[in-house]
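Dear colleague,

Please find the structure below, together with its sequence. My notes on what was found in it follow.

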Protein chains: 2
Amino acid sequence: MKFLIFTVVTVHLLTVVSGKAIFKDDISQETFQKIKEEIASYGDIAKAIIDLAVYGKSQNRSYDRLGLLVDTVGPRLSGSKNLENAIQIMYQNLQQNGLENVHLEPVKIPHWERGEESAMMLVPRVHKMAILGLGSSIGTPPEGIMAEALVVTSFDELRRKAPEARGKIVVYNQPYISYPVTVQYRVRGAVEAAKVGAVASLIRSVASFSIYSPHTGFQEYQDGVPKIPTACITVEDAEMIARMASRGNRIVIHLKMDAKNYPDTSSFNTVAEITGSKYPEQVVLVSGHLDSWDVGQGAMDDGGGAFISWEALSLIKDLGLRPKRTVRLVLWTAEEQGGIGASQYFQLHKVNSSNYSLVMESDSGTFLPTGIQFSGSEKARAIMKEVMSLLKPLNITQVFSGTEGTDINFWIQAGVPGASLCDDLSTYFAFHHSHGDTMTVMDPKKMNIAAAVWAVVSYVVADMEEMLPRT
Amino acid sequence: MKFLIFTVVTVHLLTVVSGKAIFKDDISQETFQKIKEEIASYGDIAKAIIDLAVYGKSQNRSYDRLGLLVDTVGPRLSGSKNLENAIQIMYQNLQQNGLENVHLEPVKIPHWERGEESAMMLVPRVHKMAILGLGSSIGTPPEGIMAEALVVTSFDELRRKAPEARGKIVVYNQPYISYPVTVQYRVRGAVEAAKVGAVASLIRSVASFSIYSPHTGFQEYQDGVPKIPTACITVEDAEMIARMASRGNRIVIHLKMDAKNYPDTSSFNTVAEITGSKYPEQVVLVSGHLDSWDVGQGAMDDGGGAFISWEALSLIKDLGLRPKRTVRLVLWTAEEQGGIGASQYFQLHKVNSSNYSLVMESDSGTFLPTGIQFSGSEKARAIMKEVMSLLKPLNITQVFSGTEGTDINFWIQAGVPGASLCDDLSTYFAFHHSHGDTMTVMDPKKMNIAAAVWAVVSYVVADMEEMLPRT
């Protein structure tokens, strides 16, 4: 997950507050009653999917498949051999699973490598700091950059201290408010520091909990602003440097980063289908991204999302189901570099956007699901609530508002209904983009449940007689 | 904290189950009533201590003092310059605080250095593993040790697989049950592996929660068993290696450790007092250890314990109190190497053990206290319950059984009543002996409360007319 904005609670409240009698204005009670009955008729199928995924012979399969991939390949950075290995393995996996129309769609993706990197505090005491350079950052000169630190807790404070910033390494010790709020420091920290003449920026990791854990992620340079090297440091070191500064200590840091940006390289979105029986050209798209950062195993972000998406198709196939519409699995490439694979997919396929009934993305964990986030017309939302009611056996029936997954936004903005998985995020940002994103944080039982949700939603929406209505 | 055994709950239950009418047999109701009244008369003083520590001008002082020390000095490994710097700074601090009889008592302590260390998985894929060599471990030859891994989850499994172990690196993937149970793998892992012919051992870190965090700690060689290099790996890597092994993968690891054991070196226990007004030769001893491991800042283990112990004396002094007995602060050296400073202190002072009314140790965190653990006679326990009732304003009044702090066990075994601080340990073993043991995990408000408990208990027991009764 790159920039996912969590507007679940606020937008959901707004929806409730502004709640009106949705259907009376839009669809006749009679029509809606028919849709309700149609959806209710999927009760046995939903139960069969749940039984198979959660209690049956398919349980733990998505976890086991994911473990095998990430243990074998390791992390899967955009532009890396690991990512291309993973794509080739997934191509084989999807074919061996007997899915249809398995193919790779070429995408040009960024190629950045961190290389060796280190940060050493020299003054007031020698202390080796854990760092992770940020995606797209330039490196330092080979001898590194040695400079005094200027500590700030906000962009406002940086602007107030602008006269002191020239030639310094800006250290951001911003508090963790929430991911979408706080991630701005990781994304724009280097640019804002460069604007006031800094030579590098070190940013407190955007993390809800830390055991001296640096977290990487994407950052963006800006045309006309000098590019300076930028990395995340641990919460612990950021706080220590801030304490030192508050005591009047002069702080000197020696930063070395071999990071390099290479020309764009070839990669692929990985696609597989269960082709629709009646409207094969119409699509319900389920997705997660196969790339990750280059630390940990990318098991959580977004191995889990990719593998419950695959699992959804596997479960449908295991039960011998074939929906009227095509259920298409897409495993995006280079999401972490700004949704590159998804963007190119949209450019290629948007001409057929009227054939997409629903685009689904799982990219904020596959912990215990609470429901789905949904973007679409009020009519479609009411239908989705009925679909989610099929998941009563799992007690996961909520439909929140405000989906904004990096990889499905293009479709949502084009008017296609979008859904993303909502789950328990209480530990997500402890592991996100860190060495700790490994199979250890994954729970097979929770993945089973997430896959069941994913399979029921995708199958039922793909099999209903009508596509989801749009505005 | 090295080997603290948590017997709080079980032993406490035993006490309750076997509970008899404690006092009727031992002290007359009349005598006990007088003691109750004497203790109750300290209500105003206890309230003054609490007010000063928690709400008054001394609040956050122990946190600020600790932050200054550990930010300035860094971690304080036995035998290191950092530890000796810290001791000299504390000597100055205690003098500047106006405490009495500030002095250093010489101790010979172990000197082990980890040096550079690395572990690289070569097969089935290249993967750099985070490790922390274990205290007292020998190093590898300069070229390292390259060997196949043998994964086990228990000593029993190691014995069953003994014929396969020769020449291998034993990887322990023992589950985390509890610290005292699971730490046996860290302490005895190398010896047990060496007994079956292994060339090195890598042990899953003893941790309740991990973000790819290796945890160090002490290990013990055994006479007659070959010494092999030993280090902890992360929970994540231990689990991954176990998954690989369960799939039949051959695993090859290249381990390099420059660890060296040097001759014992000079250090000190740091001592300061508030001398008793009536029985100056009689002592209530409050303590924590000043040494730490060589990672993180040793802020939690045991900076917090050392600094609330100092704070107890500072609070008593701030209020112009002088108890009848001496309150003595001792900051132990080389606790992590097996309670070395405390052991030598006991050897030197045990001749006067009849003058020690109570020995107190804080070495399992200074998070929100729940009460104290107490070891001593039933009479003394009943008195301690009355003392703890003075902490009702903080709602921290419990007296648990079964104190076993590394540094006060000698005294307890000699019949001296002992008390240690009990607090919320829910995150303790996420940070323990890791890079994450820093000021970030410390909470000034919780330290204030812990210091208030410590000051009330030490002052009241030192000021009561009688010493605590023994068996």
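**Domains of chain A**

Chain A is divided into two parts: domain 1, made of 8-111 + 263-463, and domain 2, covering 115-258. Please bear in mind throughout that this is a predicted model. The centres of the two domains of chain A, taken over C-alpha atoms, are 35 Å apart. Domain 1 of chain A and domain 2 of chain A each bring 12 residues to the contact between them. On the domain 1 side of that contact, there are four nonpolar residues, seven polar and one charged.

**The two chains**

In the contact between the chains, 25 residues of chain B meet 25 residues of chain A. Three helices of chain B, namely H5 (61-73), H10 (235-246) and H15 (428-431), each supply at least two residues of the side that touches chain A. H10(B) gives the most, with six residues. Sorted by class, this side of chain B holds 12 polar, eight nonpolar and five charged residues.

As to symmetry, chain B is superposed on chain A by a rotation of 180 degrees with 0.0 Å of shift along the axis, and the RMSD is 0.0 Å. This is therefore the relation of a two-fold axis. Within chain B, Ile211(B) has the C-alpha nearest the axis, at 3.2 Å from it. Both copies use the same surface, as 100% of the contact residues of chain B recur in chain A.

**Helix packing in chain B**

Two helix pairs of chain B may interest you. H5(B) packs with H11(B) (residues 299-318) at an angle of about 130 degrees, and their axes are 9 Å apart. The angle makes H5(B) oblique to H11(B), and the crossing of these helices is right-handed. From H5(B), the residues Arg61(B), Ser62(B), Arg65(B), Leu66(B) and Val70(B) take part; they meet Ala299(B), Gly303(B), Gly304(B), Phe307(B), Ile308(B), Glu311(B) and Ser314(B) in H11(B). The contact of H5(B) with H11(B) comprises five nonpolar, four polar and three charged residues.

The second pair consists of H4(B) (residues 43-55) and H16(B) (residues 444-463), whose axes come within 9 Å and cross at roughly 155 degrees. Because angles over 145 degrees count as roughly antiparallel, H4(B) is roughly antiparallel to H16(B). The crossing of H4(B) and H16(B) is right-handed. H4(B) contributes Ala46(B), Ile49(B), Ile50(B), Ala53(B) and Val54(B), while the residues from H16(B) include Asn448(B), Ile449(B), Ala452(B) and Tyr459(B). By class, the contact of H4(B) with H16(B) has 11 nonpolar residues, one polar and no charged.

**Backbone points to inspect**

Most residues other than glycine have a negative phi, and most peptide bonds are trans. The following places depart from this pattern.

- Val123(A) and Pro124(A) are joined by a cis peptide bond, with omega about 5 degrees. Pro124(A) sits in the loop between strands E2 (117-123) and E3 (127-129) of chain A.
- Between Asp301(B) and Asp302(B) the peptide bond is cis, with omega near 5 degrees. Asp302(B) belongs to helix H11 of chain B.
- Ala334(A), a residue other than glycine, has a positive phi near 55 degrees. Ala334(A) lies in the loop between strand E12 (325-332) and helix H12 (340-349) of chain A.

With kind regards

Methods:
Residues are numbered from 1 along each chain as its sequence is written. Chains are lettered from A and ligands numbered from 1 in the order in which they are written. This is a predicted model: local features need pLDDT of at least 70, side-chain atom pairs count only at pLDDT 80 or more; totals for chains, interfaces and linings use all residues. Two residues are in contact if their C-beta atoms, placed from the backbone, lie within 7 Å. Helices (H or I, at least four residues) and strands (E, at least two) are DSSP runs, numbered from the N terminus. Ala, Val, Leu, Ile, Met, Phe, Trp, Tyr, Cys and Pro count as nonpolar, Asp, Glu, Lys and Arg as charged, and the others, Gly among them, as polar. Copies are superposed by least squares on the C-alpha atoms of residues with pLDDT of at least 70 in both. Domain bounds come from an automatic or database domain assignment. Axes are lines fitted to C-alpha atoms, for helices over the stretch in contact, and angles run from 0 to 180 degrees between N-to-C directions. Angles under 35 degrees count as roughly parallel, over 145 as roughly antiparallel, 65 to 115 as roughly perpendicular and the rest as oblique. A crossing is left-handed if the near helix is turned anticlockwise from the far one by less than a right angle, and right-handed if clockwise.
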